[in-house]
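Subject: Structure handover

Hi,

My notes on what was found follow below it.

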Amino acid sequence: MRDALKSATYKPALLKALVRRTREPYVARISLLDLGGEFARMYWNQTVVYHLRQASSLRKEAAVVKSIREIAARYKTRSLADLPEAGKIDIVKKLTAILPINVLAAFHASKPANMPELYRWERGWPYVEITRDTYQFLKTNALPLELIANFYWAELLENCNRLAPRIIQKISRDAASRRSLQKYLKILLADTDVKCFYCGVAFDALHAPTVDHVIPWSFLLEDALWDLVLACRRCNAQKSDWLPSADLLQKLMRRNRYGLRRPTLPVSFLIADEEVEQLYQAAISVEWPRFWSPA
Ligand SMILES: [Zn+2]
């Protein structure tokens with residue numbers, strides 16, 4: 001990993017995929033389809049949920065990212081689990097097809113001469129062969145090996161997603177795990193004159209309040225009160241993980257400046273406007289889906 005050409009993320013991805021296969025009992029042959037399945041799980045989140053680029057050129061995106069974007073758009077879903085079976089098969093096939101071209105032969109290229117190979121693979125094999133010793137090595141050292149792979153993966157992604165926050169966390173997570181926003185609901189409801197931040201509808205039995213991240217959670221990866229507002233279900237669902245329009249961002253900053261800085265509130269909304277603006281611009285710079293406003 002240390003001496004590898006830092007041109008693509010396939011090497012750390014393959015290391016992680018091999019480590020993950022040791023969650024299954026030992027088999028001498030790991031099929032490329034199984035490795036493709038692991039690739040699909042790792043790259044899907046990074047591409048569809050976190051909108052991370054895998055190539056430093058804006059024009060030339062990695063083949064995996066192109067395939068995943070295309071399938072996510074075709075089936076209109078952000079969750080790999082919700083993808084229809086045909087879509088899942090399609091994505092795994094596409095990612096499996098990349099392995100013999102760019103990944104398997106190149107993996108050992110930077111290996112020191114005295115280090116044994118992790119697997120054997122020859123052109124045309126629909127599997128890689130690993131020995132029982134290698135399997136044991138991967139299984140025993142799963143945690144440090146994943147950390148090493150994450151480190152080099154993050155180093156690469158920092159080059160092509162300069163302004164995306166928390167890259168290492170985005171790479172390390174298998175799936176987006178969100179905390180409940182219930183406690184923020186109480187805090188926000190303590191304000192006077194509560195209504196949907198986006199469309200202004202008053203909350204009642206028909207329009208229950210929900211908590212929404214104005215700058216998407218999947219970009220910030222945190223629940224920060226300065227970013228949280230009350231929204232009706234309709235706006236919350238429609239906005240999804242989009243960035244809001246610029247006027248909504250201004251409204252958020254006004255809210256944070258004046259609206260909720262009350263001594264009765266148990267927490268502070270304080271954040272510098274400059275920081276909010278910069279985070280918003282950073283999301284735009286990484287081509288986050290943008291400029292939503294209520295219909
Ligand atoms: Zn609304």
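A definition to start: two residues are in contact if their C-beta atoms, placed from the backbone, lie within 7 Å. This is a predicted model: local features need pLDDT of at least 70, side-chain atom pairs count only at pLDDT 80 or more, and totals for chains, interfaces and linings use all residues. Numbering starts from 1 along each chain, following the sequence as written.

**Overall**

The chain holds 12 helices and four strands. Both are DSSP runs numbered from the N terminus: helices are H or I with at least four residues, strands are E with at least two. The C-alpha trace spans about 70 × 40 × 35 Å along its principal axes. Of the 295 residues, 32% are buried. Buried means that 20 or more other C-beta atoms lie within 10 Å of the residue's own; exposed means 12 or fewer, and partly exposed is in between, with C-beta atoms placed from the backbone. Take the contacts with a separation of 6 or more: 69% of them join residues 24 or more positions apart.

**Domains**

There is a domain 1 (10-172) and a domain 2 (184-285). These bounds come from an automatic or database domain assignment. Their C-alpha centres lie 36 Å apart. Seven residues of domain 1 contact five residues of domain 2. On the domain 1 side, the touching residues are four nonpolar, one polar and two charged. The classes: Ala, Val, Leu, Ile, Met, Phe, Trp, Tyr, Cys and Pro count as nonpolar, Asp, Glu, Lys and Arg as charged, and the others, Gly among them, as polar.

**Helix packing**

Two packed helices are described by the angle between their axes and the distance between the axes. Axes here are lines fitted to C-alpha atoms, for helices over the stretch in contact, and angles run from 0 to 180 degrees between N-to-C directions. Angles under 35 degrees count as roughly parallel, over 145 as roughly antiparallel, 65 to 115 as roughly perpendicular and the rest as oblique.

How do α3 and α4 run relative to each other? Helix α3 (residues 63-75) packs on helix α4 (residues 85-103) at about 170 degrees, with the axes 10 Å apart. The pair is therefore roughly antiparallel. From α3 the contact uses A63, V64, S67, I68, I71 and Y75; from α4 it uses G87, D90, I91, K94, L95 and I98. By class, that contact has eight nonpolar, two polar and two charged residues.

Helix α2 (residues 32-49) also packs on α3: their axes come within 10 Å and cross at roughly 75 degrees. So α2 and α3 are roughly perpendicular. F39, Y43, W44, T47 and V48 of α2 meet V64, V65, I68, R69 and A72 of α3. Eight nonpolar, one polar and one charged residues make up this contact.

**The loop between α3 and α4**

L83 sits in this loop. Is L83 buried or exposed? L83 is buried, because 21 other C-beta atoms lie within 10 Å. Leaving out residues up to four places away in sequence, L83 touches Y75, T77 and K88. The C-alpha atoms of L83 and T47 are 15 Å apart, at 36 residues along the chain.

K76 lies in the loop between α3 and α4 too. K76 is exposed, with 7 other C-beta atoms within 10 Å. Check its backbone: phi is positive, about 50 degrees, and K76 is not a glycine.

**Strands β3 and β4**

Strand β3 (residues 209-213) pairs with β4 in the antiparallel sense over five bridges. Pairing requires that DSSP finds at least two bridges between the strands. T210 stands opposite A231 in β4. Five of the five residues of β4 (residues 228-232) are buried, so the strand is largely enclosed by the rest of the structure. In a regular strand the side chains alternate between the two faces of the sheet. In β4, L228, L230 and C232 are on one side, V229 and A231 on the other, and all are buried.

**Two further residues**

- E287 is in the segment after α12 (273-285). E287 is exposed, with 11 other C-beta atoms within 10 Å. Phi of E287 is positive, near 65 degrees, in a residue other than glycine.
- R120 is in the loop between α4 and β2 (127-129). R120 is partly exposed, with 16 other C-beta atoms within 10 Å. Not counting residues up to four places away in sequence, R120 touches V128 and E129.

Best wishes
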